[in-house]
Amino acid sequence: MHDLAALVEEHMTAARLAPHGRSAHLVVHDGALRQSVIALVSGSELEDHNTPPAATLQVLRGRVRLTASSGDRELGAGQLYVIPKERHGLLALDDAAVLLTAVTAVA
């Protein structure tokens, strides 16, 4: 079992100390399933990157903007969003933490 609240606190602290303003931790690695907690200080970002075959983003704290060619989406704490199957980025609008769930291969 994992304590997401404790992981958020730990990685928000690490993100505040990191020169790039972010910190991440792989929480679950089970076959094709990956879940990661990602903490970002306000204004920091994950630049455009490819999407795995299936992925969701759940905001655990703060607000973020998911950027994609099909349109940007602002998300706040408690919201869950299916990441579009296209290149995308993530910008922290506040100090934020998210849970990224990804399936890296489809059977």
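In strand 8, Ala92 is the bridge partner of Val64. This pairing is taken from a predicted model, as are the features described below. Strand 5 and strand 8 run antiparallel and are joined by five bridges. Strand 8 comprises residues 88–92 and is mostly covered, with four of its five residues buried.

Strand 8 also pairs with strand 3, in the antiparallel sense and over three bridges; here Leu46 stands opposite Leu90 of strand 8. Strand 5, spanning residues 63–68, pairs with strand 6 through four bridges, again in the antiparallel sense. Within this pairing, Arg63 is placed opposite Gly76 of strand 6. Together the four strands form an open sheet in the order 3-8-5-6, with antiparallel pairing. Strand 3 (45–49) and strand 6 (73–76) each have a single partner strand and stand at the edges, so one side of each is left without a neighbour in the sheet. Neighbouring strands of this sheet are turned against each other by 20° on average, direction ignored.

Helix 1 covers residues 4–17, a run of 14 residues. From its first C-alpha to its last the helix reaches 20 Å, close to the 20 Å expected at 1.5 Å a residue. The N-terminal end of helix 1 is capped by Asp3, a side-chain oxygen of which lies 3.1 Å from the backbone nitrogen of Ala5.

The buried residues in helix 1 are Leu7, Val8, His11, Met12 and Ala15. These residues lie on the same side of helix 1 because they cover an arc of only 130° around the axis. The elements that cover them include strand 1 (22–30), strand 2 (33–40), strand 4 (54–61) and strand 9 (96–103).

The side chain of Ser23 makes a polar contact of 2.6 Å with the side chain of His11, a residue that is itself buried in helix 1. Not counting residues up to four places away in sequence, Ser23 touches His11, Ala14 and Ala15, together with Val37, Ile38 and Ala39. Ala15, like His11, is listed among the buried residues of helix 1.

Note on methods: Residues numbered from 1 in each chain as written. Predicted model: local features only at pLDDT ≥ 70, side-chain atom pairs only at ≥ 80, totals over all residues. Heavy atoms only, no water. Helix = DSSP H or I, 4+ residues; strand = E, 2+ residues; numbered from the N terminus. Expected span 1.5 Å × (residues − 1). Buried < 20%, exposed > 50% of the residue type's maximum accessible area, 1.4 Å probe, protein only. Arc of directions from axis to C-beta. Contact = heavy atoms within 4.5 Å. Polar contact = N/O pair within 3.5 Å; in protein donor to acceptor, adjacent residues only side chain to side chain. Pairing = 2+ DSSP bridges. Axes fitted to C-alpha atoms, helices over the stretch in contact; angles between N-to-C directions.
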